[in-house]
2 protein chains.
Amino acid sequence: MKKTYLLTPGPTPVPEVVLASFARPLIHHRTPEFQKLFEEVKSALKRFFQTENDVMILASTGTGAMDAVVSNLFSPGDTVLTLNAGKFGERWTEICRAYQANVIEIVVKPGDTISIEQVRIAVKANPTLKAILFQASETSTGVVLPTREICELARTHGLVSICDAITACGVFSLPMDAWGIDVMITGSQKALMLPPGLSFVALSERAWKLEESSRNPHFYFDLRKEKNASAKNQTAWTPATSLIQGLSESLKLIEAEGYEELYARHERLARATRAGVDAIKLKRLGLDCPSPAVTAVWVPKEIVDGKKIVKTLRDRYGIAIAGGQNGLEGKIFRLSHFGYCSEFDVVTALSGLELVLNELGYSVKFGTAVGAALEVFHQATVV
Amino acid sequence: MKKTYLLTPGPTPVPEVVLASFARPLIHHRTPEFQKLFEEVKSALKRFFQTENDVMILASTGTGAMDAVVSNLFSPGDTVLTLNAGKFGERWTEICRAYQANVIEIVVKPGDTISIEQVRIAVKANPTLKAILFQASETSTGVVLPTREICELARTHGLVSICDAITACGVFSLPMDAWGIDVMITGSQKALMLPPGLSFVALSERAWKLEESSRNPHFYFDLRKEKNASAKNQTAWTPATSLIQGLSESLKLIEAEGYEELYARHERLARATRAGVDAIKLKRLGLDCPSPAVTAVWVPKEIVDGKKIVKTLRDRYGIAIAGGQNGLEGKIFRLSHFGYCSEFDVVTALSGLELVLNELGYSVKFGTAVGAALEVFHQATVV
C-alpha cells in the first residue's frame, strides 16, 4: 500500500467524483442527450473564462490550442511579438516560426517576468506588429506576466492580445472580457482537474477579424468550423466525449465552491507554500511576480544532483512534483498548488521536502517549512 | 430504468473493465511508471497494426491523424490521388486541398467501391503522383476498398499508399508490413473500444522518406518529433494519459480473444446482420463489397421520413444506430457490428429494427430478420 500524491502543475489530481464519472457508459455525440450536456458545459465555460465569447472545445492538449490560434489567425510573413519568460513562451515563438511568421521576441532570464515597459518599447519599435502572444502564468518558472496591462497596451495599439492561460485560467481571476483579452486558451489537466486531452479557446470579435484574413493552412484545427458547430452544440469533429462528461462534473465542483473562494484558496495555498520555502532558506524564482499556480525553487548548492529531489520524493514517498525543464533541469524544482488541492497537500509537499532535503545533505530543522505554512493558514482562518 | 445500446460505427461500446480503469487515479506522464505502461502499449499496438514500424499515439481524434499525415508528408503543389467512395474519402480530398496539394480524385456513387482498374487508370494518367490516399473501409457507406491491390499498385509505381483504417484496423486483417501499406491510421473509439480522443499512425520507411522532403507547415502534429519521443516511451506533448491507461486494458482484452477469433467474430456478426437485412427485403449498399465493420441499408420507399428510423430506435428503444451523412441523410441507416459487440447485439439491433419498421409503415413478419441472423450463428457454431 503506497499512497501517491500528484502535486505537479499538470496533470493535477482528478477529484474522485470526476474519476467515477469516466466509468459511466459512453453517450453518442450526435444525440440530443449529448447536445444538452454540451450546452450546459458551454455555458459554464463562459463563466470559467469570464467571457460572453464562445469557448470552443478541441480534442487535443494545450499545445494543440496554441497551434490552432497561430494557424487560424495569421499568414506567412505576419509580424508578431512573443514574450518568452520560459519554456512556454518559447513555444509561442516556435509555433509562430513554424507558420512562417516574422517573430519579434522578448526573452528574459529564468524567474524574471516581462515588464509592461519592455513590451511597450517593443511595440513602439515594431509598427507592423499584429499581435502579442504571452503566458498569463509561465509554468516552467512559476512567474506571472502583467496580463491586464499587456492587453490594454495591445488594444491601444490595435494589436490582438493572445493569452496562454493554461495554468492561469481558473487559478486566479483573468476576466477575459473586462480586461480585453482577445484570445484565451486553457487545457483540461490544469485548474479544470481533468486528465489531459481537451483544450479550450475563446476569441474576441477583434480576433475573429484577424481569422478572416488568415492564409495559414490548417484542417483539424479550424476555429471557424468549431464556432459554427458549437452554435449547434456540437464540435467540428468527433468530440472526446468521456472527457467532456467529466468536464461537466468538474465545472459543477468549481461552481459549488464559487469563483471567489476558488481564487482565494489558490492564493492561500501559494502563500503558504512560499512561506514554507522561505522559512527553510531556499531561494524562489520570481520573487516579485510569483504565480498562484506553482512555486519554483532553486536547488540549494549543498545538493549536487538536483534531480534527486524530485526522484527521491517520488520513489521513496510517492509524491510527484515537477523538476526543471530544458536548461533548468536539475537546477530547480516546482511545487504545484492549484486544482484539487488543499492545505494538507501543501503540508504533504513541504513535509516530504523537509525529509528529502535532510537526506540529500541540506539541513533543515523538521517542522520549519510546515510550521510556516500552518501559520499562514491560521492567519487566513482567524482573520 | 432505460437500458441503452450503442451500435454506431464509432464511438463503439466501451467494455466495463475499460470504463472502470478510467476511475483509477492519474499517473504523471514523465515517470518510469508511465513509460513502462507506454512501452507495453507500444508493443501491443505493433501487433494490432501487424507492423514493425512505430505506432505513434496522438492526442486527437482520427481526423487529426489524417491532418498529421498530409501536413507532415507533402508540400504545396504535390500531386496526390484520393479515392472518394464517401464522406471520409471526401475528407482526404478536403485535407489535401487545405494544404494546397494538387488533388486528383476518383469519386463513385454511394455504396460503390473503387476498383483497382479505376485506380490503375488514374495512376497511369498522372505520372507526377506522389501518393494514393484511401479508406480501407468507408464508414459512411459500409464498403471496403481493395487495400492490398491498391498498395501493390502504389509500390509498383513508386507511390506512397496512405490507408485510413479508422473503421478497419482491428475489425478485419490489414497486415501493414505484409501488404506494404505505407501509412496506416486508426482512432480510439473504433475497434480499440475506447472513448474518442486518441489517434494512431504508423509510417513505413518509404513514408518517412517523403516526410523528410515535406514543406507543409505544422507544429502540434509533428510525426518526426513523436517518433523521437516514442523511442523514449514518451509523446512529444502531454499525452492523454487516462485514455492510454484504458488503451492498455483494451489491448489486453483484444489479445486475450486473439486476432484470429477477433476478425472471425466481426465477419460472423457482419454476415448475420446482412442476412437479417436481406431477409426482410431491405436493400443494402455495397452488395459486392460490404464492410465487416458496418452494414449500410437504404430506407425503404414505404417510409417517407427516413430519419425517423434512427430517431425512433433511439427515443423509444434506447438503441443508437447511425443514419446517413451529408447527401445520404434520411436515405440510409447503418448498423455497426464491431468492437465490444456480440451475437446478441446483432439480435438487439435487428429486433429493434423489426419493431420500428412495422411502426413506421414497412411491414415485417416479426422474427424474420432475427431468425435469419440466428441461422447464420447456428451454422457458424455447428460447422
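Predicted model: local features only at pLDDT ≥ 70, side-chain atom pairs only at ≥ 80, totals over all residues.

Which exposed residues are carried by the face of α2(A) turned away from its buried side?

Modeller: Happy to! That face of α2(A) carries Pro32(A), Lys36(A) and Ser43(A). Residues are numbered from 1 along each chain as its sequence is written, and chains are lettered from A and ligands numbered from 1 in the order in which they are written.

The helix itself comes next. In chain A, α2 takes in residues 32-49, 18 residues in total, and its first and last C-alpha atoms are 25 Å apart, close to the expected 26 Å. The expected span is 1.5 Å times one less than the number of residues. Helices (H or I, at least four residues) and strands (E, at least two) are DSSP runs numbered from the N terminus.

On the buried side of α2(A) are Phe38(A), Val41(A), Leu45(A), Phe48(A) and Phe49(A). Viewed down the helix axis, the buried residues of α2(A) fall within an arc of 75°, so they line one face of the helix; the arc is taken over the directions from the helix axis to the C-beta atoms. There is a simple background to such spacing: an α-helix has 3.6 residues a turn, so residues three or four places apart point the same way. Just after the helix, Gln50(A) takes a positive phi of about 50°.

What does the buried face meet? The buried residues of α2(A) pack against β2 (55-58), α7 (176-179), β9 (183-187), β10 (199-203) and α10 (241-257) of chain A, where contact stands for C-beta atoms, placed from the backbone, within 7 Å. The helix lies across β2, β9 and β10 of chain A and runs at about 110° to β2(A). Such angles run from 0 to 180 degrees between N-to-C directions, with axes as lines fitted to C-alpha atoms, for helices over the stretch in contact. Helix α5 (residues 116-125) of chain A also packs on the sheet, where it touches β3 (79-84), β4 and β5, and its direction makes about 155° with that of β4(A).

Now to the sheet of chain A. It is open, with seven strands in the order β2-β10-β9-β8-β5-β3-β4 and mixed pairing; strands pair if DSSP finds at least two bridges between them. At the edges stand β2 and β4 (102-107) of chain A, each with a single partner strand, so one side of each is left without a neighbour in the sheet. On average, neighbouring strands are turned by 20° against each other, direction ignored. Within this sheet, β5 (residues 129-135) and β8 (residues 160-164) of chain A run parallel and are joined by five bridges; the bridge partner of Phe134(A) in β8(A) is Cys163(A).

A rotation of 180° with 0.0 Å of shift along its axis superposes chain A on chain B, with an RMSD of 0.0 Å. That is the relation of a two-fold axis. The superposition is by least squares on the C-alpha atoms of residues with pLDDT of at least 70 in both. The copies meet through the same surface, because 100% of the interface residues of chain A are also interface residues in chain B.

Two backbone details complete the picture, each given for both chains. A cis peptide bond joins Gly10(A) and Pro11(A), with omega about -5°, and Pro11(A) sits in the loop between β1 (5-6) and α1 (16-21) of chain A. In chain B, the bond from Gly10(B) to Pro11(B) is cis, with omega near -5°. Asn326(A), in the loop between β13 (322-323) and β14 (332-336) of chain A, has a phi near 50°, a positive value in a residue other than glycine. Asn326(A) counts as exposed because it has 10 C-beta neighbours inside 10 Å. Asn326(B) likewise has a positive phi of about 50° although it is not a glycine.

Terms used: Buried ≥ 20, exposed ≤ 12 C-beta atoms within 10 Å, placed from the backbone. Contact = placed C-beta atoms within 7 Å.
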